[in-house]
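The following questions and answers walk through one protein model, from its overall make-up to individual side chains. Please keep the sequence and the structure at hand while reading.

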Amino acid sequence: MHLAKEPLVHFAVAAFIIFAAWSLVAPGEDRPQEIVVSARSVQQLALVFERTWQRPPSQEELKALVDDHVKEEIFYREALKLGLDVDDTVIRRRLRSKMEFIDESEAVLAPPSDAELEAYLSRNADRFGVDPRMEIRHVFLNRHKRGEAIASDAILMLESLQSRPSSDISELGDTTLLPQEMPLADRRQIEAVFGAELAEAVSQMPPGVWTGPIESPFGLHLFYVRQRVAGRAPRLDEVREPVLQAWLQDKREQVREERFAELLARYTVSIEKSALPGQ
């Protein structure tokens, strides 16, 4: 009965109660932390496996996936405790990407109307314009095969073709991988086949006349521009999909810039002069 009246006993009991209460609400270093692997997480792991391997995982494989998920979560938490996420460039960039993605998702871009796409196409006509196209015929003379006679052979063949522009050319010239007939093609397509120098020369030729000879490292070339179709601005129905994708991309960029401007307004940025180049 005397112990119950002692102030020291009262103090000890109070301290014990406080310690017990604190241990219940504040996790200590030795208290296990809870990791919950939800059914949805397990389904997601199984779905990723199935998409990768084109079959559902076995029970053993699914258990291994869950075990690895738990291991990743543990290492993640321990890394945060050690501050390994601080000043890590890769993590900073990943978090920035996630923030930009969240901003775009929250914006929920509404599909543009035809009027908006028409206006966008008009402002960006150079990006979607139909380039000038040409239909050409071609005869090649091989330098190694004809030797010194190549120049005179080319002149004689050119004169013959100019007198009969529609002549059959299948038996004329020398064998080559380059085509003798090329349907309507723009400058880039012609350049991909004949090279930049020959494409430039062909682009300057008048239609309806055999022209040449044009020299290349392999020999001489004669060309005939059968028809030339001028470039033009396309109709929306011809380029709807690329215009729509470009519009969405520009809109996303606009949303990102506007959102960043809102965030930047919350901060005061100071840059020490000595940290800048040339300061």
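Q: How many helices and strands does the protein chain have?
A: This is a predicted model, in which local features need pLDDT of at least 70 and side-chain atom pairs count only at pLDDT 80 or more, while totals for chains, interfaces and linings use all residues. Residues are numbered from 1 along each chain as its sequence is written, and side-chain values use heavy atoms, with hydrogens and water left out. Helices (H or I, at least four residues) and strands (E, at least two) are DSSP runs, numbered from the N terminus. Counted in this way, the protein chain has 11 helices and four strands.

Q: What percentage of the residues of the protein chain count as buried?
A: Buried means under 20% relative accessible area, exposed means over 50%, and partly exposed lies in between, with a 1.4 Å probe and protein chains only. Of the 279 residues of the protein chain, the share that counts as buried is 22%.

Q: What share of the contacts with a separation of 6 or more comes from residues 24 or more positions apart?
A: Contact means heavy atoms within 4.5 Å. Among contacts in the protein chain with a separation of 6 or more, residues 24 or more positions apart account for 65%.

Q: Which orientation do helix 5 and helix 11 have to each other?
A: Axes are lines fitted to C-alpha atoms, for helices over the stretch in contact, and angles run from 0 to 180 degrees between N-to-C directions. The axes of helix 5 (residues 114-123) and helix 11 (residues 240-264) come within 10 Å and cross at roughly 90°. Angles under 35 degrees count as roughly parallel, over 145 as roughly antiparallel, 65 to 115 as roughly perpendicular and the rest as oblique. Helix 5 is therefore, relative to helix 11, roughly perpendicular.

Q: How many nonpolar, polar and charged residues are in the contact of helix 5 with helix 11?
A: Helix 5 contributes Asp 114, Glu 116, Leu 117, Tyr 120 and Leu 121, and helix 11 contributes Arg 240, Val 243, Leu 244, Ala 246, Trp 247 and Asp 250. Ala, Val, Leu, Ile, Met, Phe, Trp, Tyr, Cys and Pro count as nonpolar, Asp, Glu, Lys and Arg as charged, and the others, Gly among them, as polar. By these classes, the residues of this contact divide into seven nonpolar, no polar and four charged.

Q: Which residue forms a salt bridge with Arg 187?
A: A salt bridge is a side-chain nitrogen of Lys or Arg within 4 Å of a carboxyl oxygen of Asp or Glu, and the structure holds 22 salt bridges. Arg 187 is partly exposed, with a relative accessible area of 34%. Arg 187 lies in helix 9 and its partner in helix 10, so the pair ties together parts that are 13 residues apart in sequence. With the closest N and O atoms 2.8 Å apart, the partner is Glu 200.

Q: Is Asp 174 buried or exposed?
A: Asp 174 lies in the loop between helix 8 (150-163) and strand 2 (181-186), 28 residues apart from Arg 146 in helix 7 (residues 143-146). The side chains of Asp 174 and Arg 146 meet in a salt bridge (2.8 Å, N to O), and Arg 146 counts as partly exposed at 22% relative accessibility. At 9% relative accessibility, Asp 174 counts as buried.

Q: How far apart are the C-alpha atoms of Leu 222 and Leu 141?
A: Leu 222 is found in strand 4 (residues 219-229) and, at 0% relative accessibility, counts as buried. Leaving out residues up to four places away in sequence, Leu 222 touches several residues, including Val 139, Leu 141, Met 157 and Trp 210. Although Leu 222 and Leu 141 are 81 residues apart along the chain, their C-alpha atoms are separated by 8.5 Å.
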